[in-house]
Amino acid sequence: MKKISSGKVREIYEVDNDSLMLVVSDRISAFDVILPNPVPDKGKVLNKISEFWFDYTKDFVKNHVISTNTNEFPEEFKGPEFEGRSMFVKKLKMLPIECIVRGYITGSGWKSYKENGTVCG
């Protein structure tokens, strides 16, 4: 398969004109630098979190997931190295929206919350 992108954590492969494979690595980064030692099974955990949210919201927000079941992947991605860390997805036009969820509030969000009980409005 043709690798079309390699990010800090994910590799993206083009399957055909309509679909992609997203493969999550165990790489870890800090301040946009990939650190030398991976975290075992980090990719599987990140993939499961994404899978949960895509499944949980699918009834009111359409998404790109075709399958997370390795048996339903293209042949090149059916090996054990892809198990639990990959998604077979539709190619779509991306909306450039990012959501970061943390267990704490910092920065301008914390300042806003202390002032009026809201986070940045």
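The structure is a predicted model, in which local features need pLDDT of at least 70 and side-chain atom pairs count only at pLDDT 80 or more, whereas totals for chains, interfaces and linings use all residues. Residues are numbered from 1 along each chain as its sequence is written, and side-chain values use heavy atoms, with hydrogens and water left out.The largest nonpolar core consists of seven residues, Y13, M21, V23, F73, F77, F82 and F88; such a core is a set of buried Ala, Val, Leu, Ile, Met, Phe, Trp, Tyr and Cys residues joined through side-chain atoms within 4.5 Å. Beyond residues up to four places away in sequence, F73 touches M21, S67, T68, K78, F82, S86, M87 and F88 (contact: heavy atoms within 4.5 Å).

S86 lies in strand β7, residues 86–90 (strands are DSSP runs of E, at least two residues; helices are runs of H or I, at least four). S86 counts as buried because its relative accessibility is 1% (buried, under 20%; exposed, over 50%; partly exposed, in between; 1.4 Å probe, protein chains only).

E83, in the loop between β6 (65–67) and β7, is partly exposed at 43% relative accessibility. The E83 side chain makes a polar contact of 2.9 Å with the side chain of T70 (N or O atoms within 3.5 Å, one able to donate a hydrogen and the other to accept it; residues adjacent in sequence count only if both atoms are side-chain atoms).

W53 belongs to helix α1, residues 42–57, and is partly exposed, with a relative accessible area of 48%.
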